[in-house]
Number of protein chains: 2
Amino acid sequence: MSSTTETAVSRQWELVSRPSGWPAPEDFRLVEVELAPLAEGEVRVANEFVSVDPYMRGRMNDAKSYVAPFGLGEALTGGAVGRVVASHSDALAVGDLVSHDRGWRDVAQGPAAGFRRVEPVEGLPSSVHLGVLGMTSMTAWVGLLVVARMQPGDTVFVSGAAGAVGSVAGQIARLRGAGRVVGSAGSAEKVALLTERYGFDAGFNYRDGPVVEQLAAAAPEGIDVYFDNVGGDHLEAAIEVFNRGGRAALCGAISVYNATEPPPGPRNLSQLVGKGLLLQGFIVSWYAAEHGAAFAAEVGGWLRSGELTYDETVVPGLDRTVDAFLGMLRGENTGKMVVAV
Amino acid sequence: MSSTTETAVSRQWELVSRPSGWPAPEDFRLVEVELAPLAEGEVRVANEFVSVDPYMRGRMNDAKSYVAPFGLGEALTGGAVGRVVASHSDALAVGDLVSHDRGWRDVAQGPAAGFRRVEPVEGLPSSVHLGVLGMTSMTAWVGLLVVARMQPGDTVFVSGAAGAVGSVAGQIARLRGAGRVVGSAGSAEKVALLTERYGFDAGFNYRDGPVVEQLAAAAPEGIDVYFDNVGGDHLEAAIEVFNRGGRAALCGAISVYNATEPPPGPRNLSQLVGKGLLLQGFIVSWYAAEHGAAFAAEVGGWLRSGELTYDETVVPGLDRTVDAFLGMLRGENTGKMVVAV
């Protein structure tokens with residue numbers, strides 16, 4: 001426990017206006033704020049990496065959702081990992097590595113309970129605690145195994161499969177004994193990664209033709225599990241190609257996050273009855289308490305053994321956070337997108 | 001075990017052409033066929049009641065579904081209850097009451113294994129084995145308790161609530177401790193039945209205005225469970241009004257059975273992610289082996305104690321089966337629609 005009465009300066013991104021459709025750089029601004037001296041029980045953390053994630057787009061709208069919208073004129077928040085640089089708490093010491101949700105800034109400060117100490121992994125950057133050992137991978141693990149209840153032998157379809165969540169979901173499916181793993185992505189380069197790097201059995205570029213036709217060709221005996229990162233025509237295609245008793249874990253709908261009009265839903269929902277299908281949306285944080293330890297043990301083991309591969313796209317500099325966020329929404333990342341502060 | 005080498009005549013409904021949109025009487029014809037003498041192990045049954053159900057409309061299409069489509073020029077099938085009038089099997093005796101799936105005819109015949117002996121209920125017609133003690137009620141029980149996992153205190157919304165399945169679903173919700181039970185129906189008379197006869201807390205006529213507005217007014221604190229008998233705008237409304245963690249059991253989509261173009265799906269499916277919602281289509285027969293005994297014990301008990309009320313609409317005469325079927329699709333029945341042979 002160090003003691004400091006010093007103030008500090010934090011550079012923070014604020015939301016200036018609510019985007020209508022695609023966010024623009026003008027919807028954000030980078031400001032400097034002076035942080036008060038640490039109060040009793042508080043810590044100050046120098047962020048090393050901050051995360052940009054699809055769900056953040058939803059929080060920029062003023063709509064009812066599972067978390068409150070971001071406030072206008074307030075600092076944005078999100079996953080981050082950093083080092084404790086000052087502490088007025090017995091729970092955390094200077095030098096500790098912590099993960100927390102006060103991202104979009106370089107220096108974060110608050111009660112120690114809001115920061116979770118994590119162990120550095122030898123030979124890997126601390127950003128792994130945002131991605132392959134963090135919420136990103138837990139989303140893949142929970143969605144595939146708890147929500148969609150994947151069984152050995154199942155044919156699994158993952159959309160957005162070259163992304164941070166999708167690339168891990170496909171690998172977990174393979175490691176857990178899926179019979180066939182199929183992924184979609186938005187470029188030939190990404191599709192190549194699916195089979196060559198992440199161990200998918202087949203992949204297709206959704207821009208090359210109707211998703212339903214490409215999916216049916218890639219999974220000629222139908223699919224049993226669908227891990228949905230995109231919504232829209234992918235979900236309709238999955239419903240069409242599902243075998244009886246198929247289960248879809250709905251993780252996000254990046255295809256519609258920036259839509260200004262609500263898009264029509266799948267035209268084939270009546271197949272949910274006819275084939276006994278399940279569609280389950282999920283918020284990973286609801287599952288963390290019950291399943292977090294099992295996730296960390298299994299995925300940590302695969303990471304150490306080298307059975308699980310991951311990619312990161314690292315954008316250097318806090319001032320480029322908005323660029324990174326917009327690039328992620330456009331699909332310019334491979335694997336997890338993070339900003340090195 | 002009786003012995004007979006006699007032939008018999010059976011009047012049977014055949015599907016002549018596949019309906020496009022609403023079925024017409026010309027799509028069906030009533031024929032007389034001569035039944036062969038009973039083979040070893042077979043029984044002959046005189047049907048007392050045959051069932052007409054929404055799912056039969058789906059089987060008239062030549063589409064992939066959970067059961068094969070009806071064959072053109074073949075006798076239609078469906079739930080029925082009748083008495084054994086001749087038996088070449090040790091398993092069933094003349095006079096036994098049986099339920100089976102060889103409906104749409106007056107005399108049925110086949111291997112005894114296709115007929116299930118049921119106990120007559122004193123004071124009640126044998127048609128109860130098609131409705132309140134049969135597949136109809138099991139659909140309500142399984143959908144509400146197994147699929148949607150209703151918990152005491154939940155607010156439950158049932159569409160098509162004056163129908164055979166819906167009226168029982170609403171009563172089971174109440175008997176199992178739902179906090180509030182809301183139903184929709186298609187006429188003022190049916191809506192009155194919901195609260196006055198079936199114990200719903202509130203009901204509305206979906207023809208009176210937008211479903212989403214009427215549902216939100218009837219369930220001002222949102223809904224936790226939706227038992228879907230109709231699909232379409234009702235499903236979209238339920239998604240809109242669902243609380244976090246809401247569950248929908250999708251039993252049928254009578255609103256779209258006769259559509260010639262696939263209707264657009266709900267425009268608000270992205271709320272499945274944001275609120276962690278579940279949509280689960282189900283086929284009740286998949287659940288019968290595991291849950292049939294528990295269903296029969298619980299619902300039989302409520303029926304004997306008088307806690308569970310049911311209605312039937314009985315159409316007299318096998319020759320009026322198509323009229324009964326079409327009337328059921330138009331919502332002219334209250335409770336279970338059956339034909340007295």
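1. In this predicted model, the domain assignment divides chain A into domain 1, made up of 8–131 together with 311–340, and domain 2, which covers 135–281. The C-alpha centres of domain 1 and domain 2 of chain A are 29 Å apart, and contact between them involves 19 residues of domain 1 and 14 residues of domain 2.

2. Helix H4 of chain A, residues 188–196, has buried positions at A:Lys190, A:Val191 and A:Leu194. These three lie on the same side of H4(A), because the arc they cover around the axis is only 100°. The other side of the helix carries A:Ala188, A:Glu189 and A:Glu196, which are exposed. As for packing partners, the buried residues of H4(A) sit against strand S9 (180–185) and strand S10 (202–205) of chain A.

3. The largest nonpolar core holds 48 residues, and the members touching the most others are Ile223, Tyr226 and Leu279 of chain A and Ile223, Tyr226 and Leu279 of chain B. For B:Leu279, once neighbours within four places in sequence are left aside, the contacts include A:Leu272, A:Leu277, A:Leu278 and A:Leu279 from chain A, as well as B:Leu235, B:Ile239, B:Ala248 and B:Leu250 from chain B. In general, nonpolar side chains in soluble globular proteins tend to be buried together.

4. In chain B, strand S14 (residues 312–316) and strand S15 (residues 336–340) are paired in the parallel sense through five bridges, with B:Pro316 standing opposite B:Ala340 of S15(B). Together with helix H9 of chain B (residues 321–329), S14(B) and S15(B) form a β-α-β unit that is right-handed.

Methods: Residues numbered from 1 in each chain as written. Chains lettered and ligands numbered in written order. Predicted model: local features only at pLDDT ≥ 70, side-chain atom pairs only at ≥ 80, totals over all residues. Heavy atoms only, no water. Core = buried A, V, L, I, M, F, W, Y, C linked by side-chain atoms within 4.5 Å. Buried < 20%, exposed > 50% of the residue type's maximum accessible area, 1.4 Å probe, protein only. Contact = heavy atoms within 4.5 Å. Pairing = 2+ DSSP bridges. Helix = DSSP H or I, 4+ residues; strand = E, 2+ residues; numbered from the N terminus. Right-handed = clockwise from strand over helix to strand, strands pointing away. Arc of directions from axis to C-beta. Domains from an automatic or database assignment.
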